[in-house]
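Thanks for coming. I will take this one piece by piece, with the structure on the screen.

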Amino acid sequence: MQALRGAGDVQWSLAGANLRPDMTDVLTALRAQEGAYTLETVSPAGEYRYERIDAIQEVLSYVPGQTATVARGADPATRIISFTVTEAGYYLNHEHQLDLSYPDLVVDLECARRGQLRAEGSTIYGAMTAILRARMAAKAGPVTLLNCDNLRHNGERFRAGLLEFIEYAGDAPLLAWTKANTVSPNTMVDRITPRPPADLRGRVRHATGWDDTVPVTAESFIQWVIEDDFIAGRPAWERVGVELVQSVQPYEEAKIRILNASHSCIAWAGTLCGLQYIHEGVRTPVIRQMAYDYVTNDAIPCLSQAGNASPIDLPAYRDVVLERFSNPAIRDTNQRVAADGFSKIPGFIAPTIRERLAVHANIDSVAMLPALFLAVLQRWHAGQLSYTYQDQSMNPVVAHAICAAADPVEALCADRILWGDIAGDARLTGAVRRAARQVAQLQAVA
Ligand SMILES: NC(=O)c1ccc[n+]([C@@H]2O[C@H](COP(=O)([O-])OP(=O)(O)OC[C@H]3O[C@@H](n4cnc5c(N)ncnc54)[C@H](O)[C@@H]3O)[C@@H](O)[C@H]2O)c1
Ligand SMILES: OC[C@@H](O)C(O)[C@H](O)CO
């Protein structure tokens, strides 16, 4: 958007909001700066660039009930509602249906049945239902719902969840309106953006002379691939490098399996070795080799199966991704990337294991990933992690049962939430057991 505005396209601007109260300080500071902030980017060669971003025209403060956010979403001037709520924010089961065992979802649904939006910290479904209800009532016209999370078929999966939510809420007119007046293209969004480190503000002040209170830092690499399916117009993003395609499927699949899964692998392994940052792990030969072997031996064969040839040069993509991870200036933490294992195992890792088992292939390399996750979970359970482990999909009762089981590997591999139809497969359990022995050795030498 910023680049487009730079090119003279001022037809589009952004309004920003948060569904939860956890970013209130950031929103307040951003509002005080009238939406402007500094983007620092760092290339693998260590070149720093600073750019003032002015694309956000309106910052909506978080208030319980989110009246301003709902009103902005229901305004006819709003043509696209884009969002990221983490992979764990979708509450979907293995059949990609809403999993009503999540209390957050149940509370939102009860409110939606009464025609209300929960006062505090709603889910994306509760918030979007309230916005679309207001939009329908205001006759504000069609709108595109643009999911930017690392979720396979993110637009489709969110849409299915949303329609199910509205159906459970018993609002038949809204269901029909939403089907006819919204679209949800799939997207693949790629730029490693760590949580802003404490020294960023000083660096930005030194480089730009502006004491920006909410700067952002990211790698210089960026890739956006979006399905060209917009119901109420869109910015000419292709003019600024966005790939508008018919299907994001090969791009998202390569990103999820090669980038995101190996990222988790490095974060879990780095955590077990007492490291704080991703680049430290990927520069540790044994950890880099684990990620490399997983991608080479399991992810690439799945992504390039006969009849399913990828348009991407997958070995080159693997090498670029590992190079991106090894950039020491990014200082992305293992804590951020290790989070949400209970949604990353089913989303990023189980599909590869399922497909490899279906062709009777060896799964020893990919089995390292769940074995690493189990060891991290056991450290969390024993109170021995050096950081707070965040996992919205984790049911603490289930996590405790896995860690306290006589055979934690068997318990992990039998969990249907993690593995779906391959839960309890003896080949999975055997491979994770072998991998767990290697993980124990890794921890012993760390
Ligand atoms: N940071 C990156 O490198 C990056 C790059 C590409 C894509 N993504 C995608 O964006 C997501 C968010 O990344 P981030 O770095 O902004 O994370 P973050 O932790 O900084 O922000 C997450 C945001 O989601 C909100 N949120 C969390 N759980 C929610 C829920 N259940 N319902 C509604 N809102 C919820 C939080 O309030 C917060 O605003 C990632 O999970 C990933 O899917 C991140
Ligand atoms: O794997 C963790 C993600 O947040 C990752 O940083 C992002 O998907 C990169 O685009």
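In which loop is Q66 found? Q66 belongs to the loop between β4 (56–59) and α3 (67–73). Before I go on, please keep in mind that this is a predicted model.

Back to Q66. Its phi is near 50 degrees, a positive value in a residue other than glycine. Most residues other than glycine have a negative phi. Q66 has a relative accessible area of 3%, so Q66 is buried.

There is another case of this kind to show. R331 is not a glycine either, and has a positive phi of about 50 degrees. R331 is placed in the loop between α12 (314–325) and α13 (334–338). Buried, exposed or partly exposed: how does R331 count? With 36% relative accessibility, R331 counts as partly exposed.

Next, the aromatic rings. A pair of aromatic rings is described by the distance of the centres and the angle of the planes. Searching the whole structure gives eight aromatic pairs. Take Y90 and F158: the ring centres are 6.5 Å apart and the planes are at 80 degrees, so this pair is edge-to-face. Which parts of the chain does the pair link? Y90 is in the loop between β5 (80–83) and α4 (103–113), while F158 is in helix α6 (residues 154–168). Y90 is buried at a relative accessible area of 1%, and F158 is buried at 0% relative accessibility.

The pair of Y91 and Y102 is also edge-to-face, because the planes are at 65 degrees, with the ring centres 5.1 Å apart. Y91 and Y102 both lie in the loop between β5 and α4, so this pair ties together parts that are 11 residues apart in sequence. Y91 and Y102 are both buried.

Which residues do ring pairs link into it? They are F83, Y90, Y125, F158 and F165.

L98 is also found in the loop between β5 and α4. L98 has a relative accessible area of 5% and is buried.

The charged end of R52 sits over the ring of W210, at 4.3 Å from the ring centre. For R324, the charged end sits over the ring of F221, 3.7 Å from the centre.

One polar contact inside the protein. T217 is in strand β9 (residues 216–219) and counts as buried, at 3% relative accessibility. The side chains of T217 and E40 are joined by a polar contact of 2.5 Å.

Now the ligands, starting with ligand 1. Which of the 21 residues around ligand 1 come nearest? They are N18, D22, E87, D149 and Q392. An N or O atom in the side chain of N18 is 2.6 Å from an oxygen atom of ligand 1. For E87, a polar side-chain atom lies 2.6 Å from an oxygen atom of the ligand. R20 has a polar side-chain atom 3.4 Å from a nitrogen atom of ligand 1. On its own, ligand 1 has 830 Å² of accessible area, and the protein covers 82% of it. By class, the shell has five nonpolar, eight polar and eight charged residues.

Ligand 2 is next. The residues around ligand 2 include V189, R191, I192, L259, N260, H263 and R336. N150, D190 and K255 are also around ligand 2. The side chain of N150 has an N or O atom 2.8 Å from an oxygen atom of ligand 2. For D190 the corresponding distance to an oxygen atom of the ligand is 2.5 Å, and for K255 it is 2.7 Å. Ligand 2 exposes 300 Å² when taken alone, and the protein buries 89% of that.

Which elements give two or more residues to this shell? They are β8 (187–190) and α9 (249–272). Helix α9 gives the most, with four residues. The shell around ligand 2 divides into three nonpolar, three polar and four charged residues.

That is the end of my part.

Methods
Residues are numbered from 1 along each chain as its sequence is written. Chains are lettered from A and ligands numbered from 1 in the order in which they are written. This is a predicted model: local features need pLDDT of at least 70, side-chain atom pairs count only at pLDDT 80 or more; totals for chains, interfaces and linings use all residues. Side-chain values use heavy atoms; hydrogens and water are left out. Rings of Phe, Tyr and Trp (its six-membered ring) pair if their centres lie within 6.5 Å; planes under 30 degrees apart count as stacked, over 60 as edge-to-face and the rest as tilted. Buried means under 20% relative accessible area, exposed over 50%, partly exposed in between (1.4 Å probe, protein chains only). A charge sits over a ring if NZ of Lys or CZ of Arg is within 6 Å of the ring centre and within 35 degrees of the ring normal. A residue is near a molecule or strand if one of its heavy atoms lies within 4 Å of it. A polar contact is a pair of N or O atoms within 3.5 Å; within protein, one must be able to donate a hydrogen and the other to accept it, and residues adjacent in sequence count only if both atoms are side-chain atoms. Accessible areas come from the Shrake-Rupley method with a 1.4 Å probe; for residues, only the protein chains shown count as cover. Ala, Val, Leu, Ile, Met, Phe, Trp, Tyr, Cys and Pro count as nonpolar, Asp, Glu, Lys and Arg as charged, and the others, Gly among them, as polar.
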